[in-house]
Amino acid sequence: MKLSKKLEKALNDQIKKEYEASYVYNGMRIYLDDANLKGASSWMLKQTQEELEHAEAFVQFVKSLDGQVKLEDIKAQKTEYAGLLEVLEAAYEHEQMITKSIQDLLELAISEKNYAAENFLRKFVDEQVEEEDNFRDLIELVKFVGKNKAGLLKVDGGLGQR
Ligand SMILES: [Fe+2]
C-alpha cells in the first residue's frame, strides 16, 4: 500500500501538529512549575512526552508506507498563563483542534481507500476522545475547587500521581 502525495502531505502536517502540541504543553509545564503547581507541572510534562510519542507514531507510519517525512517549522509558544484553569481551557481547545485535524485526515484516507491509513488513524480518533474527556474532567474539577487554596493543592497533588 502506497501513500498518495496528498495524504503524505496531510500526514506530514499532522506530524508538525503533534510536535507543536508538545511545544504548547511544554510552555504550560514551564508556567505551572513557575506557579509552584509542581504536580500539575509534572502531569503536563507527561502530556508533552505523550505528544512526542504521537509525532513519532506518525513518523513511523509515513516511513512504513515508504513516504517522505518532512519536519516543518513550529511556532513559538507562550510560557505565561493566568492560572491552572486558563491552562486547562487552552489545552482543551488545542485538543479539539487536533481532533478536527485527525478527523479530516481520516476522511481523506477513507476517500482514497487507503485502509492502512484508515486503521492507523482510527486509533487516534479513540485517543482524542480520551484526551478531550480528560481535559473536560480536569476543568470541571478545577472550577469546582474555585478559589479554595487547600482544594487547589489537593488537585495539584492528585495530578502529580500521573
Ligand atoms: Fe496528540
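This is a predicted model: local features need pLDDT of at least 70, side-chain atom pairs count only at pLDDT 80 or more; totals for chains, interfaces and linings use all residues.

Residues are numbered from 1 along each chain as its sequence is written.

**Whole chain.** Show the cartoon: five helices, zero strands, where helices (H or I, at least four residues) and strands (E, at least two) are DSSP runs numbered from the N terminus. The C-alpha atoms fill a box of roughly 55 × 25 × 20 Å along the principal axes. Of the 162 residues, 29% count as buried (20 or more other C-beta atoms within 10 Å of the residue's own, with C-beta atoms placed from the backbone; exposed means 12 or fewer, partly exposed in between).

**The core.** Next, select Met28, Leu32, Ala40, Val87, Leu88 and Leu121, the residues with the most contacts inside the largest nonpolar core, which has 35 residues. Such a core is a set of buried Ala, Val, Leu, Ile, Met, Phe, Trp, Tyr and Cys residues joined through C-beta atoms within 7 Å. Helix 1 gives the most to this core, with ten residues.

**Helix 5.** Now pick residues 149-159 and find Val155, Asp156 and Leu159, which are buried. Look down the helix axis: the buried residues fall within an arc of 100° (taken from the directions from the axis to the C-beta atoms), so they line one face of helix 5. Turned away from that side are the exposed Ala150 and Gly157.
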